[in-house]
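Subject: Structure for you to look at

Hello,

Here is the structure I said I would pass on.

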Amino acid sequence: MTDITSPTNPRVKSLAKLAEKKHRAESGLFLLEGEEYVRTALQTGWQVEEVWHTGEEPPSNIRTSTIRTSTSVLSKITGKPNPQAVLGVLKQRWNPLPTTPQGLWLALDRPRDPGNLGTIIRTADAVGAAGVILIGEATDPYAPECVRATVGSLLHVPLAACSEADFIGWAKGKRVIGTHLNATKDFRTFRAEDATILLMGNESEGLTDALTNICTCLAKIPMRGHTESLNLATATALMLYQLQADNLTSA
Ligand code: SAM
């Protein structure tokens with residue numbers, strides 16, 4: 001076990017930089033706050049490079065490189081005034097697009113908001129979706145705000161990322177249910193079949209024309225008030241629950 005208690009330590013400074021996308025991309029690392037989640041990460045085969053903790057002893061049964069530190073150091077690394085007592089430094093995981101997808105895959109066209117993306121990953125986990133695909137210039141699922149919003153689900157939902165062109169090539173011949181404000185088919189008539197891809201649009205622009213054109217069908221969630229559209233995370237939750245309705249039981 002090592003001790004690092006100075007907020008000016010170079011290792012502390014370099015971990016604090018993981019708040020920036022550029023540094024996460026260069027290092028391939030991200031931060032996971034909270035003992036429970038760090039434990040789950042270790043149990044589920046994530047590569048945990050280091051565990052920082054404020055207690056005298058490292059959390060029990062954590063067999064990886066541990067660093068004893070202070071609350072002010074964890075505060076500096078996470079940018080939070082009241083950080084959790086345990087912080088993991090993990091390797092990011094990215095999956096290739098599946099050759100023969102099974103189950104329900106969720107694809108998101110350029111999602112922008114990390115809070116939305118985290119909420120969506122959490123819902124994808126709740127309904128047992130097979131994975132989430134990020135298309136084009138998407139917000140980073142390993143950004144701290146997104147990781148927090150997933151409330152641990154990030155550890156259980158396979159993630160893939162690709163360009164729009166690669167997605168279109170991959171999706172060819174597959175069942176793609178798009179969502180569009182101009183669609184006429186009510187979303188309550190849809191169910192997931194093995195394999196289905198649910199495609200959701202960008203927060204401000206919706207789906208691009210190119211993506212809309214590859215959909216095998218387009219669904220609309222009816223609205224009767226004054227709003228032009230639903231929030232992306234809300235619309236995604238409604239679609240995921242509708243599509244998985246036959247695969248979910250309350251018992
Ligand atoms: N101004 C954008 C547009 O014209 O599409 C609004 C985008 S909306 C905030 C983000 C995404 O949520 C949409 O692209 C679509 O995937 C989904 N969405 C939101 N409301 C919807 C609805 N009523 N029916 C179907 N999809 C909806």
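In which helix does Lys76 lie? Lys76 belongs to helix 4, which covers residues 71-78. Keep in mind throughout that this is a predicted model.

Charge on the surface

Lys76 is one of the residues in a surface patch of positive charge, together with Lys13, Lys17 and Lys22. With a relative accessible area of 38%, Lys76 is partly exposed. A residue needs over 30% relative accessible area to be part of a patch, so Lys76, at 38%, passes that cut-off.

Cysteines

How many disulfides does a search of the whole structure find? The search finds zero. Cys146 is in no disulfide, and the nearest cysteine sulfur to its own, that of Cys162, is 17 Å away. Cys146 is also buried, with a relative accessible area of 0%.

Backbone

Some background for this part: most residues other than glycine have a negative phi, and most peptide bonds are trans. The cases below depart from that.

Arg110 is not a glycine, yet its phi is positive, at about 45 degrees. Look for Arg110 in the loop that runs between strand 6 (104-109) and helix 5 (114-126). Is Arg110 buried or exposed? Its relative accessible area is 16%, and Arg110 is therefore buried, as the cut-off for buried is under 20%.

Val151, also not a glycine, has a positive phi of about 50 degrees. Val151 sits in the loop between helix 6 (144-150) and strand 8 (159-162). Val151 is partly exposed, with a relative accessible area of 37%.

Which two residues are joined by a cis peptide bond? They are Asp194 and Ala195, and omega there is about -10 degrees. Ala195 is in the loop between strand 10 and strand 11.

Another residue of that loop

Arg191 is found between strand 10 (185-186) and strand 11 (196-200) as well. At 32% relative accessibility, Arg191 counts as partly exposed. From Arg191 to His180 is 11 residues in sequence, and their C-alpha atoms are 17 Å apart in space.

Regards

How values were computed. Residues numbered from 1 in each chain as written. Predicted model: local features only at pLDDT ≥ 70, side-chain atom pairs only at ≥ 80, totals over all residues. Heavy atoms only, no water. Disulfide = S-S within 2.5 Å. Buried < 20%, exposed > 50% of the residue type's maximum accessible area, 1.4 Å probe, protein only. Patch = residues over 30% accessible without salt bridge, like charges linked within 9 Å, V, L, I, M, F, W, Y side chains within 5 Å. Areas by Shrake-Rupley, 256 points an atom, 1.4 Å probe, with all protein chains shown as cover. Salt bridge = Lys/Arg side-chain N within 4 Å of Asp/Glu carboxyl O. Lys, Arg positive; Asp, Glu negative; His and termini not counted. Charge placed at Lys NZ, Arg CZ, Asp CG, Glu CD. Helix = DSSP H or I, 4+ residues; strand = E, 2+ residues; numbered from the N terminus.
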